[in-house]
Amino acid sequence: MTESMPHPDMLTGSKALAKIRLTCILLAVFILVLLSLFLRLVFTLLPKHLFLRFNVRFVIHPFSRLLMRIVGVKLVVHGQIPASRHLIVSNHQGILDSLLHMAITPCMVISNALIRNMKVIGGVMELLGFVFVDRSRRKSIVELLQPATSMMTQSKVNMGFFPEGKSGDGIELLPFHSPFFKIAIDSNAGIQPLAFRWTHANGHAVSPAQRMTFTYLVKHGSIVQHLSNLLGLRQKVLVVKVLKPISAQEIAEKNWTRKEVSQRSEDLIREALADKTGW
């Protein structure tokens, strides 16, 4: 199999349905940007963290839920997520994962600074208040994560990221990277681990091999084609398990380092994914 060939078990979506959904997504994003721009003008003379707090809770969160519905995703969430001051961490499978974090809780996802350099997407994300981290620059961890730590401390919103660092195959959880967990320690915030899995698509249960449908890897070819295929699938069911949170008090009492917090989070998520019940 060549690198441009899709996985043989990947599900196939309708091109017509994908076009309809893409049109609706573009319209929703356009309205989202207008509302965020209006809100930023309203908060011009006020501290930026107040804009971020209101924008995340009253614009980004509800619009993310709307976008999930447009994409055709039915969310099944087991458990309740704290509304603020938690670092949301989960397994990472594909390009819809950031939208998932923002749809299930008022949350801003940490993004790579490379995305900010993309003219249209980067500009929109910056307008919405996304926090960008430039991993290519040689800085200390404290300096590198300072923007994200400040946002967590001042705006008091949830913040999400994916400790694996890259998409997995939907079956095996990759080892966690610990640096971003320092945000929780430095901002005296808790950790909320999540485990999610795609369970149904086109009215049928998704097999382990078919979970590759929701993961974008370079060998799959064009990311545009990958997204088009996802949009073309009819209703997709995404089950999310909200695991036991790791409180700021527990982290402080046990004097955990970022590596220890990272390992604890990984253990909880790995255990939840291995549990065959509830999916």
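Residues are classed as buried under 20% relative accessible area, as exposed over 50%, and as partly exposed in between (1.4 Å probe, protein chains only). At 43% relative accessibility, Leu34 therefore counts as partly exposed. The structure is a predicted model, in which local features need pLDDT of at least 70 and side-chain atom pairs count only at pLDDT 80 or more, while totals for chains, interfaces and linings use all residues. Residues are numbered from 1 along each chain as its sequence is written, and side-chain values use heavy atoms, with hydrogens and water left out.

The chain contains 11 helices and nine strands, taken as DSSP runs (H or I, at least four residues, for helices; E, at least two, for strands) and numbered from the N terminus. Of its 279 residues, 48% are buried. Contacts are defined by heavy atoms within 4.5 Å; among those between residues at least 6 apart in sequence, 76% join residues at least 24 apart. The accessible surface, from the Shrake-Rupley method with a 1.4 Å probe, comes to about 14200 Å², and carbon and sulfur atoms account for 60% of it.

Leu34 is located in helix 1 (residues 15-42). Together with Leu27, Phe30, Ile31 and Leu35, Leu34 forms a nonpolar surface patch with about 460 Å² of accessible area. Such a patch joins nonpolar side chains (Val, Leu, Ile, Met, Phe, Trp, Tyr) within 5 Å, from residues with over 30% relative accessible area and no salt bridge (a side-chain nitrogen of Lys or Arg within 4 Å of a carboxyl oxygen of Asp or Glu).

Beyond four places away in sequence, the residues touched by Ile191 include His86, Phe181, Pro245 and Ser265.

Helix 2 also carries Asn55 and Arg53. Asn55 is buried, because its relative accessible area is 0%. A polar contact (N or O atoms within 3.5 Å, one able to donate a hydrogen and the other to accept it; residues adjacent in sequence count only if both atoms are side-chain atoms) links the side chains of Asn55 and Ser36 at 2.9 Å. Asn55 also touches Leu39, Ile60 and Leu128. A polar side-chain atom of Arg53 lies 3.1 Å from the backbone oxygen of Gln154, and Arg53 touches Ser155, Lys156 and Val157 as well. The C-alpha atoms of Arg53 and Cys107 are separated by 9.3 Å, although these residues are 54 apart along the chain.

How values were computed: Patch = residues over 30% accessible without salt bridge, like charges linked within 9 Å, V, L, I, M, F, W, Y side chains within 5 Å.
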